[in-house]
Every structure is written in C-alpha cells, then in structure tokens.
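These entries record what I looked up in the structure, in the order in which I went through it.

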Amino acid sequence: MIMSEEKMDHQIPNIVIIDYGAGNVFSVRNALQSFGVDAIVSDDPDVIQGADKVIFPGVGAAGKAMNQLRGKGLNEIIPRLTQPVLGICLGMQLLMEFSGEDNTECLGVIPGEVKKISGWQGLRVPHMGWNRVKYSREHPLFSGMSEHEWMYFVHSYYVSQHPFAIGVTDYHESFTSVIEMNNFIGVQFHPEKSAESGIRLIQNFIKLY
Amino acid sequence: MSNSSLAKRIIPCLDVKNGRTVKGVQFESLIDAGDPVALAAYYAAVGADELVFLDISATLENRKTLLDLVQNVAKEVHIPFTVGGGISSERDVYSLLRAGADKVSINSSAIKDPSLIERLALNFGAQCIVLAIDAMPEINGKWMVYSRGGTTKTGLGLYEWAEKAQTLGAGEILFTAMSKDGTKSGYATEALFQLHNHLQIPVIASGGAGSKEDFLEVFTKGQADAALAASLFHFGILSIPELKSYLMENKIQIRC
C-alpha cells in the first residue's frame, strides 16, 4: 500500500537480513516487501557476504545477541563486510566497541560505547515511542524527508553525541540516532515500524551507492 | 528538565474474538465492530501511533486464528503493535513475536506467577513485555487489582503490583480502570498520576475515553505516556486526525 507507485523498477537487489534470533527480522522483511523487495533472511556467512546490501536488525539484550553472533561465527564476518550495512536498534549498538548492557564487548566497527539512559526528573526508561530525528547533514539516506522526521524508538541504551553521527534526537540529551562510518550505517530507531517515514528510509538505503 | 521531543501516543485497541473485532462495555455485551486487519490498516493510515490487539476469547483452538491475524497485520501495517490475551508461557510469546507482533501484553498469568515477567524480559527483552493491569478502587479509595478479565479479586494493590512488575522487568504498564471501561466518562487521571510517580517505565492509560478533552487531561493531569481507546474510534465518535490536531493546539507533543 505504501508508496506503491515507487516500486523498485531497476534490477532486483540482493538484500540479506542477518538472522541471529533477533525478533524483528520479519518486520524488516515485511517493510521491504511493501515496496516490492523480497529480502533473504539468513545466518549463512556466504549468503551474507554475497549480498548487495545487508540489514543487521536487533531487539533484546546486547550480551545475549553477541553470544548468538559468536555462536554462528558472525562476529568475524560482519566487521569485514564491504557492501552497505544497515544496523537497526540493537544492530546499531552492536556495531560500536562496547556496550554497558551486560558489559558486552561488541563488534568494534565504529569507535565508541553504548551507555544506559539514566532516568531522572520523571524521564521514562525505556525511551519508547515516536521521536524526531534531525539529520545533521545532507545524506541520500534522508532523501525526500522533512528536516525533523518522526521515527519509532524503543531502547534503554544509547550512543551519545558522536563525531560520526549524521542524525540526532532529543531525549535526556541530544543523542546519536543515526551514525555512519564507511559502509556501515546505524539507526537507533526502528524504521520498519516507523510508518511511511521509516519505509522511505529503508528504501533510500536500498538505493544507496 | 530535558528538552525531550518524545510524542504522546494515541493507541486504538482492537478486541478480537474468533478473528473479528468486538468491543464490550465494562467487559460485557459484545458488539461487532469489524475486520481487524482492515481496521488496523485504516488506523495506521490516519495516524495511530501504535495498536493493541486483545484476544478476548483466548482459547487454545483460537491460537491459530490469532497467529494468522498477527501475521496479516504485520504484513499490512508498519507501526508497532501489541498482542494480548491468554499469554502464559515463553512459547506463546515466541510464536506471537515470530508471527510479527512487536510486544505482548500479559495479565492474569503474571499475577499467578510473577516470575513469568522476569523470564519473558530476559528472553525477549523488557521492551516487548507489557504488563496489563485491570484495577478498580475500593470504597476506601484504594485501587485494587483484578485478574481473569476483571472477574477475580487478587488482593494486590495497583501501585505495589506495578512497581513489582517494573522490578521484574516489564517494559511498560497498560493500566485499565475497570470502573471507567466503556463509560466514556474520562480516564482515571488521579490513579494514573500516582502510577506515573511510582514508576520509571511508560504507562498506557485505558478505560473511560469519551472526548478529546479526556485525552488532554490524561496527558496533562494524568501524565500518561500513551492513551488507549476502542469504541470511541471504532464507531467514529472521534477521529484520530481530529484528536491529534486538538492535542497539538493544546501544546501536547504529538506525531503529525
């Protein structure tokens, strides 16, 4: 239904969603299907390495997720990927070096750490619901979007202001909600659950490079 | 104070029975209000921030129907949705999340065995565990919790139970004021404000929505993070766009 007039008409890209037990794998696949892209859901290193674009989703706790990645050998594979990779929510956090959640050593693709949101003055934790993403520079990822796009967030841990941030969101502080380093992009929110805005972002990612 | 731009959420609730949407007045006299997938897609299109599906039949035979429904909703609708009703095990939660639900809400089974909250949070993450609480004030004004669709007294106090659930790992509280449910006489704002003060996790207000002013009050006086309503939306008494522009005019942070 969403943006059906903009179905991908050129060659069908080979999109792989990394399956390591994260809950939102199918939501991500459904989001891609809404604009006519059938993604492969896989934990096979060869399939992942052979993709045009890789989506690295994530829901849940960092420690358990890293264990699952290690169990499948994906902790070695993901940092070496050279095609565009989109980390979503926990997927973004795992791209960092370290998470305060379960004191977890992460993939180390992007320097920096993930910290707990400390609730103060009535601030709710988790940060749950729709909040605005202000992108800090022009980027094709945000093509066709308004300057303050509403996206759906659910998280208790976060990346603070970062030199590689390309989008920020205000909560307890202005934190990093979109980050980019080389071929890796991470988003703290859930584009697959952010209605038209989120679908647009995923579509923009698929069109990148 | 922070300069948070987090929006208050408007959540239509779809009570489903045998794959159809129904809405009861004070948990009785069910009225058919339509096809849940079509309703869900409609609500997402007009600006609902999230959806809740409550399976009020919740029998074993109906689980398959519910899973099919969840799968169809997940395909059509790209906003978060919660599924509740009769959930009592890790296995139930696993299959609902796998079918495409973003969160599950648990109620009676958590009262029976509070460790369920802890186990579910550990396995699936606190963010997808919504604890639903049905409560009603006693003559002395103390809010008490009921289980089994509001039929059974538990002896638990509302605030104590909510705090315990937060400690065990619930990610959100869905509080239904049973005495308000279906009455359209306004949310239980005082109890909600107390809940807000007792908790750090978000609170969804439910029961009593009758007008747009009720929503304004629940977000200001009640300090609710989200407000849920059913018949008001299903029967077209109040539209979501109309409600949202009213709230914005009144300086409530709303996704537009």
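Entry 1. I searched the whole structure, a predicted model, and found three cavities of 30 Å³ or more. I then looked up the largest cavity, for which the computed volume is about 130 Å³. Its lining consists of 14 residues, and Gly208(B), Ala209(B), Ala229(B), Ala230(B) and Ser231(B) are the ones nearest the centre. Sorting the lining of the largest cavity by class, I noted five nonpolar, six polar and three charged residues. Strand 12 (226-229) and helix 9 (231-234) of chain B each contribute at least two residues to this lining.

**Entry 2. Helix 8 of chain B.** I next asked which residues are buried in helix 8 (residues 212-220) of chain B. They are Asp214(B), Phe215(B), Leu216(B), Val218(B) and Phe219(B). I then checked what covers these buried residues, and found strand 12 and helix 9 of chain B among the covering elements. Also included are strand 1 (9-17), helix 7 (189-198), strand 11 (203-206) and helix 10 (240-249) of chain B.

**Entry 3. Nonpolar cores.** I turned to the largest nonpolar core, which has 85 residues. Phe215(B), listed above as buried in helix 8, is among the members that touch the most other members, together with Leu51(B), Phe53(B), Leu131(B), Phe175(B) and Leu247(B). For Phe175(B) I listed the contacts, leaving out residues up to four places away in sequence. They are Ile133(B), Ala135(B), Trp143(B), Leu158(B), Ala188(B), Ala191(B), Leu192(B), Leu195(B), Ile204(B), Ala205(B) and Ser206(B). A second, separate core has 38 residues, including Leu123(A), Val187(A) and Ile206(A) from chain A and Leu6(B) from chain B. As background, I noted that nonpolar side chains tend to be buried together in soluble globular proteins.

**Entry 4. The interface.** How many residues of each chain are in contact with the other chain? I recorded 36 residues of chain A and 39 residues of chain B. The area buried between the two chains is about 3200 Å², with 54% of it given by carbon and sulfur atoms. On the chain A side, Arg124(A), Met128(A) and Trp130(A) lose the most area to chain B, together 23% of what that side buries.

**Entry 5. Arg132(A).** I located Arg132(A) in strand 8 (residues 127-135) of chain A. Is this residue buried, exposed or partly exposed? Arg132(A) counts as partly exposed because its relative accessibility is 28%, between the limits of 20% and 50%. Leaving out residues up to four places away in sequence, Arg132(A) touches His148(A), Glu149(A), Trp150(A), Val168(A) and Thr169(A), as well as Ser5(B) and Cys256(B) of chain B. I also noted a C-alpha separation of 8.7 Å between Arg132(A) and Tyr152(A), which are 20 residues apart along the chain.

**Entry 6. The second largest pocket.** I recorded a volume of about 680 Å³ for the second largest pocket. It is lined by 31 residues, and those nearest its centre are Glu101(A), Ser156(A), Tyr157(A), Ala126(B) and Gln127(B). The lining divides into 14 nonpolar, 12 polar and five charged residues. Helix 5 (90-94) and strand 9 (148-155) of chain A, and helix 5 (115-124) and helix 6 (158-168) of chain B, each supply at least two lining residues. Helix 5 of chain B gives the largest share, three residues.

**Entry 7. Lys64(B).** Lys64(B) is exposed, since its relative accessible area is 54% and the cut-off is over 50%.

Conventions: Residues numbered from 1 in each chain as written. Chains lettered and ligands numbered in written order. Predicted model: local features only at pLDDT ≥ 70, side-chain atom pairs only at ≥ 80, totals over all residues. Heavy atoms only, no water. Core = buried A, V, L, I, M, F, W, Y, C linked by side-chain atoms within 4.5 Å. Buried < 20%, exposed > 50% of the residue type's maximum accessible area, 1.4 Å probe, protein only. Contact = heavy atoms within 4.5 Å. 1 Å grid on protein atoms, 1.4 Å probe; cavity = no way out; pocket = protein on both sides within 12 Å on 5 of 7 lines; lining within 4 Å. Points joined across faces, edges and corners; volume = space filled by probe spheres on them. Helix = DSSP H or I, 4+ residues; strand = E, 2+ residues; numbered from the N terminus. Nonpolar A, V, L, I, M, F, W, Y, C, P; charged D, E, K, R; others polar. Buried area = accessible area lost by both parts, 1.4 Å probe.
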